Amino acid sequence: MDYYEIGQRIRRFRKACNMSQDELSEKVGISVTHMSHIENGNTKLSLPVFVAIASVLSVHTDELLYDISPDNKTAAKNDILNIIDSCTVQEEYIIKDIVKATKEAFDKYKG
């Protein structure tokens, strides 16, 4: 297991959330120094801390363990499109409104 790469992915997701190490470490319940060591791959992280980091960053643990390529995002989009293909036009508009409202809420409550 490459702890440096895991730490770099944690850093990338943290920055994507516009969150400082201090903010993330506080939400996870660890020291800033420990978070820094995790991101730099200088320490192994426990399973509870790993799960807490994923939860705070709103990512799947697999996304932190493995380098998820853009192809996997495309696969997720294809899954969504397949679901939508089975919908009526009215259901498609409802889904669009739900997705839009959800995204706006995510953007509003980030951080």
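Tutor: A nonpolar core is a set of buried Ala, Val, Leu, Ile, Met, Phe, Trp, Tyr and Cys residues joined through side-chain atoms within 4.5 Å. Keep in mind that this is a predicted model.

Student: OK. In the largest nonpolar core, which residues touch the most other members?

Tutor: Ile10, Leu24 and Ile53 do, out of 16 residues in that core. At least two residues of this core come from each of H1, helix H2 (21-28), helix H3 (32-39) and helix H4 (47-57).

Student: And which helix gives the largest share of this core?

Tutor: H4, with five residues.

Student: Back to Ile53. What does Ile53 touch, not counting residues up to four places away in sequence?

Tutor: On that count, Ile53 touches Ile10, Leu24, Val28, Met35, Ile38, Leu45 and Leu64. Two of these names, Ile10 and Leu24, are also on the list of residues that touch the most other core members.

Student: Buried or exposed?

Tutor: Arg14 is buried, because its relative accessibility is 7% and the cut-off for buried is under 20%.

Student: What does the side chain of Arg14 make a polar contact with?

Tutor: With the side chain of Glu39, at 2.6 Å. Leaving aside neighbours within four places in sequence, the contacts of Arg14 are Met19, Ser20, Gln21, Leu24, Glu39 and Leu57.

Student: Now Ser58. Where is the place of Ser58?

Tutor: Ser58 sits in the loop between H4 and helix H5 (61-65). With a relative accessible area of 67%, Ser58 is exposed, since the cut-off for exposed is over 50%.

Student: What separates the C-alpha atoms of Ser58 and Phe13?

Tutor: A distance of 9.0 Å, although the two residues are 45 residues apart along the chain.

Student: Last topic, pockets. What volume does the second largest pocket have?

Tutor: About 290 Å³. The lining of this second largest pocket consists of Ile80, Ile84, Glu92, Ile95, Lys96, Val99, Thr102, Lys103 and Phe106.

Student: Which helices each supply at least two residues of the lining of the second largest pocket?

Tutor: Helix H6 (70-85) and helix H7 (89-108). H7 gives the largest share of that lining, seven residues.

Student: How do the residues of that lining divide into nonpolar, polar and charged?

Tutor: Five are nonpolar, one is polar and three are charged.

Notes: Residues are numbered from 1 along each chain as its sequence is written. This is a predicted model: local features need pLDDT of at least 70, side-chain atom pairs count only at pLDDT 80 or more; totals for chains, interfaces and linings use all residues. Side-chain values use heavy atoms; hydrogens and water are left out. On a 1 Å grid over the protein atoms alone, a cavity is a set of points where a 1.4 Å probe fits but cannot get out, and a pocket is an open set with protein on both sides within 12 Å along at least five of seven lines; lining residues have an atom within 4 Å of a point. Grid points are joined across faces, edges and corners, and a volume is the space filled by probe spheres set on the points. Helices (H or I, at least four residues) and strands (E, at least two) are DSSP runs, numbered from the N terminus. Ala, Val, Leu, Ile, Met, Phe, Trp, Tyr, Cys and Pro count as nonpolar, Asp, Glu, Lys and Arg as charged, and the others, Gly among them, as polar. Buried means under 20% relative accessible area, exposed over 50%, partly exposed in between (1.4 Å probe, protein chains only). A polar contact is a pair of N or O atoms within 3.5 Å; within protein, one must be able to donate a hydrogen and the other to accept it, and residues adjacent in sequence count only if both atoms are side-chain atoms. Contact means heavy atoms within 4.5 Å.
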